[in-house]
Amino acid sequence: MRRLACFLIFLSLAVSTLLIGCFEDEEVVIEYWTHADVRREALEERLIGEFEKEYPHIKVERRILSSYEMIEKVPSSIEAGVGPVLFNLPSEEISSLLLSSALDPVDDSVVDTSLFIDGAFDAVTLDGMIYGIPREYTNWCLYVNKAMLDAAGLGQPRTWEDIVEIAKALSTYDGGVIERRAFDFRYPYYLNFFVPMVEQLGGSLIGPDGTYIYGDEAWAEALAFMREWGPLGSNLGSPTLVNARTIFTDEEIAMCLSGLYQEERLRDSNPSFYDSDRWEVLPFPVFEDSVASVSSASYMHYFLVNADRSAAERRAGWLLASYLTDHASEYLDEVGLLVPLRSIMEGDGVLSKPYGDVFLSELERSHPIYSGEYASEIQLLIGEAVEGVMLQGVEPEKAIASLRASVSYLFSK
Amino acid sequence: MRKKTYSIERKQARWGLVFTIPCLIFFAVFSFYPIINAFVTSLTNRRAIARTSEFVGLENYIYIFTKDNGGFPLSNSIRATLIFTVGTFIPMIIASLLIATFLMQLRKDRYRGFFQLMYYTPAVLSSVVAASIWMIIFDPRGLMNQISNFVMRTSGVDYNWLVDSTMLQISTMMIYFWKYIGYLVILFITGLASIPNTIYEAATVDGSSRWHTFWRITLPLLKPTTAMVSIMAMLQCLKTFSTQYMLYQGGSSRFPIDVITMNIYFTGIRNGRLGRASAMSIVLFLIMLIFTYLQLRLNRSSEDVEY
């Protein structure tokens, strides 16, 4: 009898150990969707390889999509029940997923949120719960091809009026056809650059009294500026032309707006230009009659996990997100991306980058991009207002009224 | 007991039914069910991702016909769709018929094959590739401005192909025309090839000129093909999406080219209002149904053609 009891105990222990072992070693496949960035792809390929060695039961299938595709395909795939386990989205594209309970709360056991800077989780916090890990912290400054400006005897631009003056001096035309631009905006990211321009003039997206599209005069002035900039005005640029930061690296345009990561792209695409003193980074311009010194809106990309997936997949997703975040210094060194960890933001890494001090000081002048409810829709609506004025000749006052009505309607339902 | 007998016709009809069952099942699953599902969804306030849904009756239909849908009213989309359809499908039908007739006149098969391939190639290109090609062509320094300046005898004028509302609509028509003309040409060539040569030989013996033969023989005998091609082309034009979407992604304004499918896409996918988007889909379905019926009525006599 004792022998039998001992045998049964041994058997049950062996079976349970085997079962636990089986579950632990059960292979989990996680799809990780991220936006295209050549340097980051190379780094993450290596890091994911190392991660898979450390966690042999987790297999990562990475899919690279364009930024546009990420914004469109992630929500629709989640809606269809075939969304990825782990993905990243910018601050202004998260609210609809967050409010729809489509996101998994951050697994506290794998991420220490106290290591991040204040406000890092604002765009992904709902009812005290955190639903994402910030992976990139970005603000835009003005990249300038100093050589082009020097050759034309033009000084450093500080204001939007300086930008116009330089653009008029450096743009070349064949009759009415623009052949070379000097600067252009980053369409269609209107929450990033256009709303701060409105704020410089005293307006805002949401006013102190809670009204939307606050400060008609400021909005009208900013829209009139864009109309004058576009093909119906001085014809200095247009949303339909090739984006400026792409051709800046080839020295085909004098100025563009971009983040710190642009430096690494510059190094890759045009090393001799990068190594020269022919370029510099200046603060985000302001209007001459600015009432507020506001820089471009800062934003973050967040690692997010699909709440629809199994517990094992979600945990594996957070493990990968955490693993990648642990290599923040490599993201900074190799890709020029700032992970908003205190250790990174307060360390010497950023300052060791060319013009890293400009980006850091500009962050103090900036505020986070609007990431609340309907942020994505609002960005599209602002885009329609700006492009209506720039390309269709819509009067700024009419565009403002229409924009306000549309934004108000979003919130009224 | 008497053995049950069936006529040959009934037997053939039975086999016909057996052969069409897979197609009917396919149609039911992939076409009929989505239509019913869209109609049911259009009666709810279903939101994407949130997956909440309440019955709201005809509220979505009232909304899309009376409100401006966040600056993009359905009325504007119907206007944009109809202008695009009329501006594209009529020239496409005429041009494809003329090209097909021209190709049929070519004596050497290899020339005909070469031209058929040339015309058809754009149809197999992906929208992304097509977009890249046309963005270069429509660039202010691109080919279209150069051609326009040459034709209009102007110099250095930017015709704003991607900027001006009217030009933008013309641009979408041109891209669509370029992309799908080859497909229609192939269909017309198939129709032309099925007209017996003996009819043309008899006409030649009777002294009919080429022009007369085309008007009096080719066109009347091609009526069934023309009816089929025109209905297909019209339906395709009413469903157009990728051309407008790629120009919008290239930075052009949405409003002038906000065709119904694009409005459905933005309302349903970007704004997550699936109920409202479904109501728009049903409206588009009804428009297509009405136009198809009218076309069939116009071409009713086409069934009488016999060789």
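A:Arg181 and A:Asp184 pair in a salt bridge, with 2.8 Å between the closest N and O atoms; the term means a side-chain nitrogen of Lys or Arg within 4 Å of a carboxyl oxygen of Asp or Glu. A:Arg181 is buried at 9% relative accessibility, and A:Asp184 is buried at 1%. Buried here is under 20% relative accessible area, exposed is over 50%, and partly exposed is in between, with a 1.4 Å probe and protein chains only.

Before I go on, the conventions. This is a predicted model, in which local features need pLDDT of at least 70 and side-chain atom pairs count only at pLDDT 80 or more, while totals for chains, interfaces and linings use all residues. Residues are numbered from 1 along each chain as its sequence is written, chains are lettered from A and ligands numbered from 1 in the order in which they are written, and side-chain values use heavy atoms, with hydrogens and water left out.

Over all chains, the search of the whole structure gives 29 salt bridges. One of the pairs is A:Asp216 with A:Arg404, at 2.2 Å, N to O. A:Asp216 sits in helix α8 (residues 216-229) of chain A and A:Arg404 in helix α17 (residues 396-412) of chain A, 188 residues apart. Helices are DSSP runs of H or I with at least four residues, strands are runs of E with at least two, and both are numbered from the N terminus. A:Asp216 is partly exposed at 40%, and A:Arg404 is partly exposed at 25%.

Next, the domains of chain A. Domain 1 is 27-137 + 299-365 and domain 2 is 141-297 + 373-412, with bounds from an automatic or database domain assignment. Their centres, taken over C-alpha atoms, are 28 Å apart. Domain 1 of chain A puts 24 residues into the contact and domain 2 of chain A puts in 32, where contact means heavy atoms within 4.5 Å. What area is buried between these two domains? About 2,300 Å², with carbon and sulfur atoms giving 53%; that is the accessible area (1.4 Å probe) that two parts lose on being put together, summed over both. On the domain 1 side, A:Tyr355, A:Phe359 and A:Arg365 lose the most area, together 30% of what that side buries. Four salt bridges are counted between the two domains.

Last, the interface of the two chains. Here 40 residues of chain B are in contact with 37 residues of chain A. The buried area is about 3,100 Å², 48% of it from carbon and sulfur atoms. In chain B, the residues that lose the most area to chain A are B:Ile49, B:Val163 and B:Arg270, together 23% of what that side buries. How many salt bridges cross this interface? The rule finds two. A:Glu79 and B:Arg46 meet in a salt bridge at 2.6 Å, N to O. On the side of chain B that touches chain A, the elements giving two or more residues are α11 (242-249), α12 (260-270) and α13 (274-298) of chain B. Of these, α12(B) gives the most, with four residues.
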